[in-house]
Amino acid sequence: MEQNHNMLRGISENGGIVFYGVDSTDIVREMERLHKTSAVTTAALGRLLTAASMMGIMLKSTRDSVTVQIKGGGPAGRLLAVSDGTGNVKGYVEHPVVELPPREDGHLNVGAAVGKDGTLDVIRDLGMREPYIGQVPLTTGEIAEDITAYFAISEQVPTVCALGVLVNPDLTVRCAGGFIVQLLPGATEEEIDHLEKNIKAMPSVTAMLEQGMTVRNMLDLALEGFQPDILDSYHVAYRCDCSMERVEGMLHSLGKKEVEKLRDEDPVAEVNCQFCDKVYRVDLNELLKKWPASEEKTDAKKAEKSCKKIRKSG
């Protein structure tokens with residue numbers, strides 16, 4: 001594993017167990033810096049980003065993407081994490097500042113912040129006409145258990161997911177990471193039992209990272225006795241791919257009439273990126289000047305059809 005790589009994919013010697021692991025500390029630190037989250041929302045969105053990054057590595061093409069969304073009915077509101085096919089992620093939480101008392105064991109009460117009266121949605125954009133969408137009801141709102149349930153129910157893949165984010169008293173992120181272990185078809189009962197014992201004996205993700213353990217150490221502990229090999233290692237980061245071009249494309253998709261209405265209210269549109277908080281100022285007069293004539297005709301035809309329908313119904 002290269003020095004600056006913080007994610008790896010490994011496999012047992014017999015090929016029956018696959019391991020994904022990541023030290024997502026820098027990812028979650030950047031998220032906290034951008035969104036100014038409170039401790040419990042840092043932990044919640046940090047866990048979701050960590051899981052989404054590993055799920056991004058599972059995609060077959062680097063051009064694909066996966067979106068993981070949670071609507072649990074809790075005070076944090078909607079949580080969203082998007083990963084590209086190289087594991088780079090960006091995320092958003094509807095209410096970044098939520099203050100809740102800790103659980104009885106002293107840990108942050110992520111489940112109460114997220115809620116469990118709702119669903120976890122996974123949307124895979126594989127470059128086809130329609131994205132693949134999987135949805136499962138939330139089990140705990142603690143996120144790792146919900147990701148495990150998603151793979152078991154929607155993907156029919158026996159999975160163990162462990163996620164952790166440790167937040168300092170000053171709200172900075174001390175460490176964050178996680179791993180996903182999946183059983184491939186053909187795993188024996190003996191192998192399953194041995195793997196379960198390994199996972200149960202492991203410290204928490206944040207305890208391992210605090211002790212100075214690496215992702216490779218996590219792999220060796222989880223797959224102890226299975227002679228694991230590293231298949232790939234990666235450097236993954238919090239990365240927003242917003243741009244002026246994308247913002248203009250979004251405005252363009254509204255149609256010329258709608259953009260003209262916006263222009264009449266204010267000639268400059270301000271668009272705020274929910275993932276990185278960057279503000280784009282678009283001169284709508286300039287955008288309208290660039291509008292292709294062919295699309296103007298299409299817009300006119302659509303308007304004409306609408307008028308005909310209205311006349312018929314009248």
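Strands E3 (residues 65–71) and E6 (residues 119–125) run antiparallel and are joined by seven bridges. This is a predicted model, in which local features need pLDDT of at least 70, side-chain atom pairs count only at pLDDT 80 or more, and totals for chains, interfaces and linings use all residues. Residues are numbered from 1 along each chain as its sequence is written, and side-chain values use heavy atoms, with hydrogens and water left out. Helices (H or I, at least four residues) and strands (E, at least two) are DSSP runs, numbered from the N terminus.

**Strands**

- Two strands count as paired if DSSP finds at least two bridges between them.
- E6 also pairs with strand E7 (residues 132–137), in the antiparallel sense, over six bridges.
- Thr-119 of E6 stands opposite Lys-71.
- In E7, Thr-119 has Pro-137 as its bridge partner.
- Six residues lie between E6 and E7, which form a hairpin.
- Gly-127, in the turn of that hairpin, has a positive phi of about 80 degrees.

**Ser-38**

- Ser-38 sits in the loop between helix H1 (25–35) and helix H2 (39–57).
- Ser-38 counts as buried because its relative accessibility is 3%; buried means under 20% relative accessible area, exposed over 50%, partly exposed in between (1.4 Å probe, protein chains only).
- Its side chain makes a polar contact with the side chain of Thr-41, at 2.9 Å.
- A polar contact is a pair of N or O atoms within 3.5 Å; within protein, one must be able to donate a hydrogen and the other to accept it, and residues adjacent in sequence count only if both atoms are side-chain atoms.
- Not counting residues up to four places away in sequence, Ser-38 touches Pro-96, Val-97, Val-98 and Glu-99; contact means heavy atoms within 4.5 Å.

**Helix H4**

- The helix spans 144–153.
- Its buried residues are Ala-144, Asp-146, Ile-147, Ala-149, Tyr-150 and Phe-151.
- Among the elements covering these buried residues are H2, E3, E6, E7, E8 and strand E9 (173–183).

**Largest pocket**

- A pocket is an open set of points on a 1 Å grid over the protein atoms alone, where a 1.4 Å probe fits, with protein on both sides within 12 Å along at least five of seven lines; lining residues have an atom within 4 Å of a point.
- The largest pocket holds about 730 Å³ of space, a volume being the space filled by probe spheres set on the points.
- It is lined by 27 residues, and Arg-47, Leu-163, Gly-164, Ser-204 and Val-205 are the closest to its centre.
- H2, H4, strand E8 (159–167) and helix H6 (205–210) each give two or more residues to the lining.
- E8 gives the largest share, eight residues.
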